[in-house]
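Colleague: I am new to this structure. Please walk me through how to read it.

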Amino acid sequence: MTLALLLTLAALAVVDSTSFGTLGIPIYLLLSSDRSRSSRLLIYLATVAVFYFLVGVALMLGLATAMDAFGDVLRSRPAYIVQLVLGVGLFALSFRFDPKRRAKLGKPERTFEPRVGGPRVMVLLGLTAGVLEVATMLPYLAAIGIMTTSGLATAQWLPVLAAYVLIMILPPLALMGLRAAAGGRLEPKLERLRAWISKHSASMLSWALAIVGFLLARDAAVYLFF
């Protein structure tokens with residue numbers, strides 16, 4: 001396991017930590033609940049983390065089986081060419097989600113206002129957010145693919161996967177700590193952050209596609225040309 005691999009996975013985890021499910025919804029929940037109910041946000045974050053981790057384990061085991069059968073093919077030059085094309089394609093696709101371009105096309109902005117409920121509601125909200133983001137969790141899928149093609153043993157990728165998921169939920173945990181330490185002084189800043197995330201959600205998706213595309217293309221380019 002190389003430092004370059006760990007840095008690539010860490011970069012993908014940071015991108016994943018800015019998604020609506022891992023940052024946007026927690027900020028809404030943080031603003032919608034008092035400090036005595038912060039445990040409900042923890043339930044939500046724990047649900048999201050466990051969901052992502054279990055999905056990752058399932059994908060790693062499934063991809064590991066595929067690697068046993070088709071490992072030579074997936075590590076071949078044609079496979080890396082396909083990965084390079086996919087990375088470049090995702091990078092190009094990111095420009096389609098540019099907010100200015102969406103405004104020119106007259107597409108309305110989408111908003112989502114989750115509400116705080118009991119523990120069961122928080123678990124359901126976490127599962128719903130996870131399921132809805134499965135199709136768009138490109139950084140996570142890219143990380144799974146990179147770990148699989150790197151030929152890591154289970155004892156290696158399992159803690160790396162757990163660390164990846166932990167990085168994903170670190171920003172809202174840090175905000176919870178800051179809120180507890182700063183009291184009401186942090187509320188206006190959180191409200192501005194919530195409004196910023198809502199306004200720039202399309203831009204965040206565009207950047208996520210661009211970063212994932214770049215990392216996939218870079219990984220393939222290293223194999224093909226260096």
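Modeller: Begin with a crossing. Helix 1 passes helix 8 in a right-handed crossing. A crossing is right-handed if the near helix is turned clockwise from the far one by less than a right angle, and left-handed if anticlockwise. Helices (H or I, at least four residues) and strands (E, at least two) are DSSP runs, numbered from the N terminus.

Colleague: What should I know about the model itself?

Modeller: This is a predicted model: local features need pLDDT of at least 70, side-chain atom pairs count only at pLDDT 80 or more, and totals for chains, interfaces and linings use all residues. Residues are numbered from 1 along each chain as its sequence is written, and side-chain values use heavy atoms, with hydrogens and water left out.

Colleague: At what angle do helix 1 and helix 8 pack?

Modeller: Axes are lines fitted to C-alpha atoms, for helices over the stretch in contact, and angles run from 0 to 180 degrees between N-to-C directions. Here the angle between helix 1 and helix 8 (residues 154-182) is about 35°, and the axes are 8 Å apart.

Colleague: Which residues make the contact?

Modeller: Contact means heavy atoms within 4.5 Å. Helix 1 brings Leu6, Leu9, Leu12, Ala13, Val14 and Asp16, and helix 8 brings Val160, Tyr164, Ile167 and Met168. By class, the contact of helix 1 with helix 8 has nine nonpolar, no polar and one charged residues. Ala, Val, Leu, Ile, Met, Phe, Trp, Tyr, Cys and Pro count as nonpolar, Asp, Glu, Lys and Arg as charged, and the others, Gly among them, as polar.

Colleague: How do the axes of helix 1 and helix 7 cross?

Modeller: Angles under 35 degrees count as roughly parallel, over 145 as roughly antiparallel, 65 to 115 as roughly perpendicular and the rest as oblique. The axes of helix 1 (residues 3-16) and helix 7 (residues 138-149) cross at roughly 160° and come within 9 Å. That makes helix 1 roughly antiparallel to helix 7. This crossing of helix 1 and helix 7 is left-handed. On helix 1, Leu5, Thr8, Leu9, Leu12, Val15 and Asp16 meet Pro139, Tyr140, Ala142, Ala143, Ile146 and Met147 of helix 7.

Colleague: Is Leu12 buried or exposed?

Modeller: Buried means under 20% relative accessible area, exposed over 50%, partly exposed in between (1.4 Å probe, protein chains only). Leu12 is buried, with a relative accessible area of 0%. Leaving aside residues up to four places away in sequence, Leu12 touches Pro139, Ala142, Ala143, Ile146, Tyr164, Val212 and Leu215. Its C-alpha atom is 8.0 Å from that of Ile211, 199 residues apart along the chain.

Colleague: How many aromatic pairs does the structure hold?

Modeller: Rings of Phe, Tyr and Trp (its six-membered ring) pair if their centres lie within 6.5 Å; planes under 30 degrees apart count as stacked, over 60 as edge-to-face and the rest as tilted. The structure holds four such pairs. For Phe51 and Tyr52, the ring centres are 6.3 Å apart and the planes at 75°, so the pair is edge-to-face. Tyr52 and Tyr140 are also edge-to-face, at 5.1 Å centre to centre and 65° between the planes. That pair links distant parts of the chain, with Tyr52 in helix 3 (residues 38-74) and Tyr140 in helix 7, 88 residues apart. Phe51, Tyr52, Tyr140 and Tyr164 form one aromatic cluster.

Colleague: And the chain as a whole?

Modeller: The protein chain has 10 helices and zero strands. Buried residues make up 39% of its 226 residues.
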